[in-house]
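Student: Could you take a close look at the charged side-chain pairs here and walk me through how they connect things up?

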Amino acid sequence: MINTIFLCNPEGEYRIKRSFTLEKIDLRSAFKTKLALRNFFRFEGKLYVVKTYKLIKIVFVVENENPFITFYYIDSLFQLLNAYFSGFSESNLIYNYEEAYYMLDSMFLDGKLIQNNRELILDNTKAFFRRKRAQKS
């Protein structure tokens, strides 16, 4: 099960954080360990799966989950964000965080992958935010 999903910059500032449990996870203290230089490491009984794309670290904190499947989830999330924003960057996460959270929530529910069809999620996200912008006008 996925406990928490973080998207953060190299300084460790959270840009997106979605937690599926009540446990408090301190990502900064985990990254201060020497183990944090790896893609997979254990800290305080949790498995951290980390991948860096364009200076953004995508971190999944998991329990009882295959790290290679989790790596696939990270890659799927990156491809989704990259396709929606036509180039993934930190500024997209800062200024369009609602869209990023919407896509994250469309993919994961209660720490489980519920939808991995990128085209379906992209179409739903675009339609939702198109309607939302039209209502504001």
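Predicted model: local features only at pLDDT ≥ 70, side-chain atom pairs only at ≥ 80, totals over all residues.

Tutor: Start with Glu-90 and Arg-15, whose closest N and O atoms sit 2.8 Å apart. Glu-90 belongs to helix H3 (residues 90–95) and Arg-15 to strand E2 (residues 14–19), so this pair ties together parts that are 75 residues apart in sequence. Glu-90 counts as partly exposed, at 25% relative accessibility, and Arg-15 is partly exposed with a relative accessible area of 25%.

Strand E2 also holds Arg-18, which pairs with Asp-105 of helix H4, 87 residues apart.

Glu-98 has a relative accessible area of 37%, which means partly exposed, and Lys-132 is partly exposed with 28%. Back at Arg-15, shared partners join Glu-13, Arg-15 and Glu-90 into one salt-bridge network.

Helix H4 (residues 97–107) has a helix neighbour to look at as well: its axis and that of H2 (residues 67–85) come within 11 Å and cross at roughly 140°. That angle makes H2 oblique to H4, and the crossing is right-handed. Among the contact residues are Tyr-73 and Leu-77 of H2 and Met-103 and Leu-104 of H4. By class, this contact has ten nonpolar, one polar and one charged residues.

Definitions and conventions. Residues numbered from 1 in each chain as written. Heavy atoms only, no water. Axes fitted to C-alpha atoms, helices over the stretch in contact; angles between N-to-C directions. Helix = DSSP H or I, 4+ residues; strand = E, 2+ residues; numbered from the N terminus. Parallel < 35°, antiparallel > 145°, perpendicular 65-115°, else oblique. Left-handed = near helix turned anticlockwise from the far one by under 90°. Contact = heavy atoms within 4.5 Å. Nonpolar A, V, L, I, M, F, W, Y, C, P; charged D, E, K, R; others polar. Salt bridge = Lys/Arg side-chain N within 4 Å of Asp/Glu carboxyl O. Buried < 20%, exposed > 50% of the residue type's maximum accessible area, 1.4 Å probe, protein only.
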